[in-house]
Amino acid sequence: MVCCVVTTVVAAVVVLILTVKFIYRYQSGRCTSKTRLVGKTAIVTGASAGIGKETARDLAQRGARVILACRNVEKAERIAEDIKKTTGNTDVVVRQVDTSDLTSVRKFAEDILRTETSLHILVNNAGMSGMKKRKLTADGLEVTMATNHFGHFLLTNMLLGLLKASAPSRVVTVSSGVHQFGSSLDVDDLNYEKNPFPKKMVIYSQSKLANILFTKELSEKLRGTDVTANSVHPGVVYTEIMWKNETNLFTYIFAMLVRIMGKDEKLGAQTSIYLAVSEEVNNVTGKYYADCKVGMNSV
Ligand SMILES: NC(=O)c1ccc[n+]([C@@H]2O[C@H](COP(=O)([O-])OP(=O)(O)OC[C@H]3O[C@@H](n4cnc5c(N)ncnc54)[C@H](OP(=O)(O)O)[C@@H]3O)[C@@H](O)[C@H]2O)c1
């Protein structure tokens with residue numbers, strides 16, 4: 001009898017998990033654009049793993065020159081080789097940048113301005129999950145906000161001239177649906193000097209809210225330039241991010257559930273790719289997208 005009940009419960013849980021997985025993946029947005037990018041140049045930050053890697057692969061598949069902007073050059077070189085092999089595009093290069101380090105961002109951007117003649121797509125994708133305790137970078141910035149927001153803010157601003165000169169061009173910034181939990185963000189205290197340091201989920205959410213606020217403001221400043229700026233929620237995607245930073249039992253269980261029911265990396269990259277290439281969003285700017293559609297955001 002007990003055995004029968006256990007079997008029924010296990011079967012019900014398995015069916016439930018498979019149903020959620022099927023529905024979630026089935027209704028996920030997919031970029032169906034056939035846009036080719038021969039003669040175009042794209043930069044993807046954090047392309048050595050996850051969503052960034054699959055975004056870079058897709059852009060390379062379409063014929064773009066793709067610059068993988070990564071902190072770990074050895075790892076990124078392996079990904080670049082794999083992208084070249086799978087796409088047949090040999091114009092895939094690695095350049096080092098640590099988005100949490102403003103000196104590194106400046107050096108990277110100066111190198112791009114010196115060596116590249118055009119830039120059509122900038123995907124601000126690199127990111128980390130939140131820290132439990134306030135930890136400062138060499139610049140004295142809180143590391144989550146530095147990695148996810150400040151680095152990309154500086155990078156985008158340094159590359160704006162090249163983006164404008166190459167227009168039409170696009171800036172895509174990878175935010176997250178969890179930005180909604182970051183509404184307590186004090187924009188006058190982005191370095192958490194006045195307010196108590198929030199919980200790790202909240203600091204991550206606030207950095208992702210900063211991505212959206214930055215995108216909105218940027219799009220306003222870029223009106224009339226033919227450079228668009230939009231932000232993305234990629235969905236719930238099983239990637240390395242789940243394991244990189246201060247894991248505990250909760251994160252382990254969450255990661256396992258995402259692995260079973262969430263999107264894979266390729267599906268997670270679809271909205272970034274859509275905003276980077278689709279003709280449907282030629283003149284769309286200042287928006288937040290999820291599943292290749294304008295998404296709900298709390299801003
Ligand atoms: N996965 C999700 O469910 C999800 C949901 C919403 C939003 N997002 C966002 O999606 C983006 C991509 O995340 P992912 O899930 O693909 O994670 P991932 O697999 O861990 O990839 C993150 C990428 O960012 C890079 N990175 C991290 N810190 C960096 C730094 N200081 N400087 C330069 N590069 C750095 C990583 O480099 P290494 O390879 O050297 O670690 C890696 O290439 C992030 O912005 C994340 O917040 C993810």
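Me: At roughly what angle do the axes of helix 5 and helix 6 cross?
Reply: This is a predicted model, and in it helix 5 covers residues 143-165 while helix 6 covers residues 200-221. Their axes come within 8 Å of each other. The crossing angle is roughly 15°.

Me: So are helix 5 and helix 6 roughly parallel or roughly antiparallel?
Reply: The two axes cross at roughly 15°. Angles under 35 degrees count as roughly parallel. The crossing is also a right-handed one. Helix 5 and helix 6 are therefore roughly parallel.

Me: Within the contact of helix 5 with helix 6, how many residues are nonpolar?
Reply: From helix 5, the residues that meet helix 6 include Met 145 and Phe 153. On the helix 6 side, Ile 203, Phe 214 and Leu 218 are among them. Sorted by class, the residues of this contact include six polar and one charged, and the nonpolar ones number seven.

Me: Which helix gives the most residues to the shell around the ligand?
Reply: The ligand is surrounded by 28 residues, and the closest are Gly 46, Gly 50, Gly 127, Thr 239 and Ile 241. By class, the shell has eleven nonpolar, twelve polar and five charged residues. With three residues in the shell, the helix that gives the most is helix 2.

Me: Where does the proline of the cis peptide bond with Ala 167 lie?
Reply: The bond joins Ala 167 to Pro 168, and its omega is about 5°. Strand 5 spans 169-174. Pro 168 sits in the loop between helix 5 and strand 5.

Me: Is Asp 226 buried or partly exposed?
Reply: Asp 226 has a positive phi of about 65°, although it is not a glycine. You'll find Asp 226 in the loop between helix 6 and strand 6 (227-233). Being buried takes 20 or more other C-beta atoms within 10 Å. Asp 226 has 16 C-beta neighbours inside 10 Å, so it counts as partly exposed.

Me: And what about Cys 292, buried or exposed?
Reply: Cys 292 has a positive phi near 60° and is a residue other than glycine. Look for Cys 292 in the loop between strand 7 (288-290) and strand 8 (293-294). Since 22 other C-beta atoms lie within 10 Å, Cys 292 is buried.

Me: How far apart are the C-alpha atoms of Ile 121 and Val 227?
Reply: Ile 121 is in strand 4, which covers residues 121-124. With 25 C-beta neighbours inside 10 Å, Ile 121 counts as buried. Val 227 is 106 residues away from Ile 121 along the chain, yet their C-alpha atoms are separated by 9.5 Å.

Note on methods
Residues are numbered from 1 along each chain as its sequence is written. This is a predicted model: local features need pLDDT of at least 70, side-chain atom pairs count only at pLDDT 80 or more; totals for chains, interfaces and linings use all residues. Axes are lines fitted to C-alpha atoms, for helices over the stretch in contact, and angles run from 0 to 180 degrees between N-to-C directions. Helices (H or I, at least four residues) and strands (E, at least two) are DSSP runs, numbered from the N terminus. Angles under 35 degrees count as roughly parallel, over 145 as roughly antiparallel, 65 to 115 as roughly perpendicular and the rest as oblique. A crossing is left-handed if the near helix is turned anticlockwise from the far one by less than a right angle, and right-handed if clockwise. Two residues are in contact if their C-beta atoms, placed from the backbone, lie within 7 Å. Ala, Val, Leu, Ile, Met, Phe, Trp, Tyr, Cys and Pro count as nonpolar, Asp, Glu, Lys and Arg as charged, and the others, Gly among them, as polar. A residue is near a molecule or strand if its C-beta atom, placed from the backbone, lies within 6 Å of it. A residue is buried if 20 or more other C-beta atoms lie within 10 Å of its own, exposed if 12 or fewer, and partly exposed in between; C-beta atoms are placed from the backbone.
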